[in-house]
There are 2 protein chains.
Amino acid sequence: MFSADQIADIQGFNKVYQNLMKQIDSAILKTGYTLTEKDVLLEISKTERCTANILIQQLSIDRSYMSRMIAKFEKHGLIEKTQSQTDNRIRYIRLTQLGQKEINRLSDVQSNHIGNVFNKLSEEDQQTVWQAMVLIRNKLSDANDVITIRPFTQSDIEYVISRHKTLYYAERHLSGTFSGYVDEIVYRFVENFNPESDILKILECNGVPAGSIAIAKVNSETAQLRFFMLEPEMRQRGYGNRLMDMALDFCREKGYKKVFLLTITAQVVARHVYETHGFYKVSSNDKSEWGDGVVEERWEIML
Amino acid sequence: MFSADQIADIQGFNKVYQNLMKQIDSAILKTGYTLTEKDVLLEISKTERCTANILIQQLSIDRSYMSRMIAKFEKHGLIEKTQSQTDNRIRYIRLTQLGQKEINRLSDVQSNHIGNVFNKLSEEDQQTVWQAMVLIRNKLSDANDVITIRPFTQSDIEYVISRHKTLYYAERHLSGTFSGYVDEIVYRFVENFNPESDILKILECNGVPAGSIAIAKVNSETAQLRFFMLEPEMRQRGYGNRLMDMALDFCREKGYKKVFLLTITAQVVARHVYETHGFYKVSSNDKSEWGDGVVEERWEIML
DNA sequence: TAAAAATAGTTGACGCAGTCCATTATATTA
DNA sequence: TAATATAATGGACTGCGTCAACTATTTTTA
């Protein structure tokens, strides 16, 4: 158990960290958006085929409040609404160019502030603090989160797959011709999905999707591993390995002899997972049309 | 510099920790008080000779808002106001018994929640997380806080000295006959204060008092070290040692041959500072009237 | 020593984030 | 075909927190 001194330390940590948060928050407020509005905008940018209802569920915000916020965004030209072809109740929300610009501004404010705080530290301290944060996050999350891995449902497809696009690529500042490419391969994968030869699993944290992995048949002997993704807060906690184990088990079960995957050089953390599971790099391929110096790599494993 | 993965990790940490905070906050809100009200009540309980203005400055809250809050507290019987004898503009705020009860309830909610989160961890993990928190707090604070050590002013006396009482003793669950004793020695010290033979320094963090140390002349050869105190978030960052260095330097300068201090056994962190500066324990003294199993110790150093 | 400026506190008016409830329109289910 | 669920909107309201004006007292200064 904790001593009185240690409890005081923890409350001291809370105080200091809350103070930091407050600074970031007030910087955001100066941009003219509320914190809730910021969250909503960021969520819109992360969500393909976004609807008001998805936002309501994802962020636990009141329906009417959301309705008014969206109306305001539309009025200010940040978003556009398009009627769904299949369900007339639904109006899809899409960011305009101006909206994207505003979001960039907002996330810049946020990350610049974090950057400023960390830049005051020495290179060494930066790494130490980062490690400490990862440690705390992992320990505290493990103790409180409810984690499940489940098969995908129709509702996951548009939402989580688009997330994959955001996290796996946008984090690495890829752009341009790339976005359309991902759309295409994702929808093609789902269209051709066959439960006998393919797999698409969702890692769920407290009821919210937080990661994914997929296996796609190429031929009777070969499968491709795809859409391997983890939300930042789920990383380095063993969930990546669990998803990978599950996927490779499926491949062995179905009699695949070889599994390959395509990734890019910068994807450091994921690479670690690939290596520990026995994948090895077989080739590199320049993909500078996706971004400066991006190199696509092909990794394989023999089962 | 940070990699994209590391920045994502930090934002993941923010997300997880903010979530934890939100839980604590909503637990507080269920008690029927706003978060601001909770802060105000806690500040009142920590501040001897508390006035509305002190609260306004300390918590950066609007005058009118504070006025209404205090009126509400008074109406609900949590506090009592008494007119100052020396300045008719000032009304002192004092907690009633009911008020103290409510504060205990509030801080119990807070620390129970923290306790619950940590109790889900193994003993070992608890220590690891605690260490990580201390580390982050220290590194981030050092980079952002403006620290000064300055002589005391009249306005510090009532405020900071009462803080000493709270932190140094209340944290350790001392009670009863003790409170009056501290009041007495503090006011006696200030009354007899002589800048030639005594010292009382305030450690200030971002303009807010966050620690103190004092030297009181006993006779021409002997001085007593008193009121050595640090706010929890300032501990383990070397400020304790800096205060101590300064105090002992003063003693050497003034020609004292011996410095002693009285402390209690549970004061683990402070003891470490005493030891590293060359103090040694000379006697123990049962003080169970201050609390269960409390033992007062006398430490000395020869200069 | 009288006027000006600062300090402590109160009161009125109000903005605005966020909530609750009712309503419309469409889709799904029984 | 009626009953129920879902998507979204609009009206009314609560209440935290802010701004500004005002009283009363003390301190400064000219």
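Visitor: Before anything else, what counts as a salt bridge here?

Guide: The term denotes a side-chain nitrogen of Lys or Arg within 4 Å of a carboxyl oxygen of Asp or Glu. Please note that this is a predicted model. One pair that meets the rule is Glu80(B) with Arg94(B), whose closest N and O atoms are 2.8 Å apart.

Visitor: And where do Glu80(B) and Arg94(B) sit?

Guide: Glu80(B) belongs to strand β1 (residues 79-83) of chain B, and Arg94(B) belongs to strand β2 (residues 91-95) of chain B. The pair links distant parts of the chain, with the partners 14 residues apart. Glu80(B) counts as partly exposed, at 39% relative accessibility. Arg94(B) also has a place in the partly exposed class, at 48%.

Visitor: How many salt bridges does the structure hold over all chains?

Guide: Over all chains there are 28. Among them is the one between Arg89(B) and Asp87(B), with the closest N and O atoms 2.9 Å apart. Arg89(B) is exposed, at 70% relative accessibility.

Visitor: What does Lys281(B) pair with?

Guide: Lys281(B) forms a salt bridge with Glu297(B), and the closest N and O atoms are 3.7 Å apart. Lys281(B) lies in strand β8 (residues 280-286) of chain B and Glu297(B) in strand β9 (residues 295-302) of chain B, so the bridge ties together parts that are 16 residues apart in sequence.

Visitor: Is Glu297(B) buried or exposed?

Guide: Glu297(B) counts as buried, at 2% relative accessibility. In chain A, salt bridges that share partners join Lys258(A), Arg298(A) and Glu300(A) into one network.

Visitor: Changing topic: how many residues of chain A and chain B are in contact?

Guide: On the side of chain A there are 52 residues, in contact with 53 residues of chain B. The area buried between the two chains is about 5400 Å². Carbon and sulfur atoms give 63% of that area.

Visitor: Which polar or charged pairs cross the interface?

Guide: The rule finds four salt bridges across the interface of chain A and chain B. One of them joins Asp9(B) to Arg137(A), with the closest N and O atoms 3.3 Å apart.

Visitor: Which elements of chain A touch chain B?

Guide: The elements giving two or more residues are α1 (4-29), α5 (97-119), α6 (123-144) and α10 (268-276) of chain A. Of the elements, α6(A) gives the most, with 18 residues. By class, this side of chain A has 27 nonpolar, 13 polar and 12 charged residues.

Visitor: One last topic: what about the backbone angle phi at Phe227(A) and Ser60(B)?

Guide: Most residues other than glycine have a negative phi. Phe227(A), although not a glycine, has a positive phi of about 55°. Ser60(B), also not a glycine, has a positive phi of about 55°.

Visitor: And where are Phe227(A) and Ser60(B) placed?

Guide: Phe227(A) is in strand β6 (residues 222-230) of chain A, and Phe227(A) is buried, with a relative accessible area of 4%. Ser60(B) is found in the loop between α3 and α4 of chain B, and Ser60(B) is exposed, with a relative accessible area of 65%.

Notes:
Residues numbered from 1 in each chain as written. Chains lettered and ligands numbered in written order. Predicted model: local features only at pLDDT ≥ 70, side-chain atom pairs only at ≥ 80, totals over all residues. Heavy atoms only, no water. Contact = heavy atoms within 4.5 Å. Buried area = accessible area lost by both parts, 1.4 Å probe. Helix = DSSP H or I, 4+ residues; strand = E, 2+ residues; numbered from the N terminus. Nonpolar A, V, L, I, M, F, W, Y, C, P; charged D, E, K, R; others polar. Buried < 20%, exposed > 50% of the residue type's maximum accessible area, 1.4 Å probe, protein only.
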